[in-house]
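Let's take a walk through a protein structure together.

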Amino acid sequence: MAEVFALKAIDHDNVATVFTNDVKAGMIANVADKKGHHFEIQLLSDVPYGHKIALCDIKKGEEIIKYGEAIGAASKDIAAGDYVHIHNMDSQRGRGDLEGGTV
Amino acid sequence: MGYTFNGYRRPDGQVGIRNYVGIIPSVTCASDVASAICRQVQGCVTFPHHQGCCQMPPDLERVTDTLISLGKSPNLGAVLIVSLGCEGTDVERLYKEVSATGKHVEIIRIQELGGVSNAIQKGTDIARNMAIEISGLQREETDISEVVMSIKCGASDTTSGIASNCVIGYVADKLVDLGATVIFGETTEFIGGEHLLARRAVGGENGPVGQKIYQIVNEMEGRAKAIGCDMRKGQPTPGNIAGGLSSIEEKSLGAIMKSGSRPIQGVLEYPQHAAGCKGLWIKDTPGREPEILTGMAATGAQFMIFSTGRGAPQGFPCMPVIKICGNPNTYERMKNDMDLNAGVIIEGKNSINEVGEAAFAKMLRVLNGEMTRNEAIQYFTSIDIHCLGPVI
């Protein structure tokens, strides 16, 4: 039986958000979408409440998709079941560090 | 079904849901006198801010315009302007344009009166008379279409975009359908979702409103990028990141849920009052509380509905702020500061529509006079005017 509840916002999202407290590596997440479909995935790392997991393998440079939209890009290869956050994905917007400032 | 509320009809036709004397400092240097008067007289609110002098002319105009719009708030029955006497704000225009609403407006000048204690004495006498004068005003039955609601999310986490912002979106859609006015802002938090908003603009993505949405986002992002570093920690904040939001794009896509689904009628500049605007509008504001709360009170919004995940407690002096918490853990810890628990959506206990109806019911009670959590404890000092240029 799945111990962890995770929500996928839109069909082609490649991440889901975990809404269970004290989630540890090795636990099974029950990923639900808004249409009531479910599938299970084993977690490769601890995940804090409200944080994201990868639903499939995501290569470095590929987009992270949530709400059906790009929320950033993978900064390293991410495996299905991995914890996804600022350690392995980058924002693509507001990046004055990449474009150089004028002030 | 028709809805009504009981509000204070003002001479210019706006309808207030509170009936305060507003003590408005024209410049930061007058804030202490304004606060002293406010403490002394019942039924007053004041707006201690940090602007109005040694700024570039466009910002001085922006400060004057914002204070004018604030003075026009329907929740203020009378206004006392407190001036130092040498500021950059156009105090005469402030006095004249707020007076044009028909409400009782007076002005005192600290330097002219011979200093702080004289100004406090004179201001206290004026404010006391104003408080007595407006205190007998009766509420009148008013159609729901006279509502002007402002919306915001703050101290967000990943529950905001899935629960509490969706509840606000439900209320926003319902109010727009009833002929009311809804204003949302936080232009920084359109970054990554601006195309979704532009497609909802009246006239489409390529029309003037759609293009204006792209323009304000480019300007806001441009100001951040001009500093030459990564925007993260500024936006999203460390608290947002601790709450699971990994990027501004993710934060934005959750944030714009609170705008609901109706067409966007236009974009208001930061100092603008929303007189005559019906339906869903954008106001070009940053996301930080002091500046957006002030900017939204200056639209003429009677109240704000404010979503949080990490737990943001603040309100605003003349604009009740209804707090909706999307995170069930935070709600349990901070329920004294929260008006409504949308964490039940995450827990699967209630639907967005059910919590949306509870939020609408709370709104109706607040319109009729019921206090919000932050209003009851006067958690009020998140006040400032958003300026664009340097302090010089």
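**Where two helices meet**

In chain B, Ser160(B), Gly161(B) and Asn165(B) of helix α5(B) meet Leu253(B), Gly254(B) and Ala255(B) of α9(B). "Meet" here means being in contact, that is, having C-beta atoms, placed from the backbone, within 7 Å. Helices (H or I, at least four residues) and strands (E, at least two) are DSSP runs, numbered from the N terminus. Sorted by class, this contact has 2 nonpolar, 4 polar and no charged residues. The sorting counts Ala, Val, Leu, Ile, Met, Phe, Trp, Tyr, Cys and Pro as nonpolar, Asp, Glu, Lys and Arg as charged, and the others, Gly among them, as polar. The axes of α5(B) and α9(B) come within 8 Å and cross at roughly 30°. Such axes are lines fitted to C-alpha atoms, for helices over the stretch in contact, and angles run from 0 to 180 degrees between N-to-C directions.

A quick word on the ground rules: this is a predicted model, where local features need pLDDT of at least 70, side-chain atom pairs count only at pLDDT 80 or more, and totals for chains, interfaces and linings use all residues. Residues are numbered from 1 along each chain as its sequence is written, while chains are lettered from A and ligands numbered from 1 in the order in which they are written.

Now follow α5(B) to its strands. Helix α5 (residues 160–177) of chain B forms a right-handed β-α-β unit with β8(B) and β9(B). Right-handed means that, with the strands pointing away from you, the path from the first strand over the helix to the second runs clockwise. Strands β8 (residues 148–153) and β9 of chain B also pair in the parallel sense, over 4 bridges; two strands pair if DSSP finds at least two bridges between them. Look for Ile151(B), which stands opposite Phe184(B) in β9(B).

β9(B) has another partner too: with strand β11 (residues 279–283) of chain B, β9(B) pairs in the parallel sense over 4 bridges. Here Ile183(B) stands opposite Trp281(B). Are the residues on the two faces of β9(B) buried or exposed? Thr181(B) and Ile183(B) on one side are buried, and so are Val182(B) and Phe184(B) on the other. A residue is buried if 20 or more other C-beta atoms lie within 10 Å of its own, exposed if 12 or fewer, and partly exposed in between.

Elsewhere in chain B, you'll find an open sheet of 4 strands in the order β4-β3-β5-β6, with parallel pairing. Its edge strands, β4 (44–46) and β6 (104–109) of chain B, each pair on one side only. Neighbouring strands of this sheet are turned by 20° against each other on average, direction ignored. Helix α2 (residues 57–71) of chain B packs on the sheet and touches β3 and β5 of chain B, with its direction at about 170° to that of β3(B).

Finally, chain A. Its secondary structure comes to 1 helix and 9 strands, and 39% of its 103 residues count as buried. Where the chains touch, 29 residues come from chain B and 30 residues from chain A. On the chain B side, α9(B) gives the most, with 4 residues.
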